[in-house]
Amino acid sequence: MDELERIRARKMLELMRRQSQAAGRYALDSPIEVTDNNFESLIQEYPLLVVDCWATWCGPCRMLAPVIDELARDYAGKVVFGKMDVDENPRTAMNFGIMSVPTLLVIKGGKLVDQIVGAVPRDYIESKLREYM
């Protein structure tokens, strides 16, 4: 019977380690860089991804940036945040018809489920995210 218990314990540890590693991939506490080249792989990898489409010359984008950083920390493990400079990544911006920045793309399960346009308050972003979590 001792041998069976050791096998169970070893298997349980192995399972817990695998789950921890999988969860760790999504526990990012700061925004990741999103580009035309990695966009498709990122939307497939992360179950819930929010992409901040911004530009260096955009004042409202600079106002929203610290909010996105805070949200990334506060929702680590639940939502992955990314930042994409639309001037450097025009293909993706064009594919989503982004005409104004900042625009947040909310992508769940590889599909666009929402867009938030403008420098909106943190509370508004959080209320939208709760719909998809």
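# Contacts, burial and pairing

Trainee: Which residues does I68 touch, not counting those up to four places away in sequence?

Mentor: Leaving those neighbours out, I68 touches P31, D52, F81 and L104; contact means heavy atoms within 4.5 Å. This is a predicted model: local features need pLDDT of at least 70, side-chain atom pairs count only at pLDDT 80 or more, and totals for chains, interfaces and linings use all residues. Residues are numbered from 1 along each chain as its sequence is written, and side-chain values use heavy atoms, without hydrogens and water.

Trainee: Why is I68 called buried?

Mentor: Buried means under 20% relative accessible area, exposed over 50%, and partly exposed in between (1.4 Å probe, protein chains only). I68 has 0%, so it is buried.

Trainee: How many aromatic pairs are there?

Mentor: Rings of Phe, Tyr and Trp (its six-membered ring) pair if their centres lie within 6.5 Å; planes under 30 degrees apart are stacked, over 60 edge-to-face, the rest tilted. By this rule there is one aromatic pair.

Trainee: Why is the pair of F39 and F96 edge-to-face?

Mentor: The ring centres of F39 and F96 are 5.3 Å apart and the planes stand at 65°, so the pair is edge-to-face.

Trainee: What makes F96 partly exposed?

Mentor: F96 has a relative accessible area of 23%, so it counts as partly exposed. F39, at 2%, is buried.

Trainee: How do you know that β4 and β5 pair?

Mentor: Strands (E, at least two residues) are DSSP runs numbered from the N terminus, as are helices (H or I, at least four). Two strands pair if DSSP finds at least two bridges between them. β4 (residues 103-108) and β5 (residues 111-117) have six, in the antiparallel sense.
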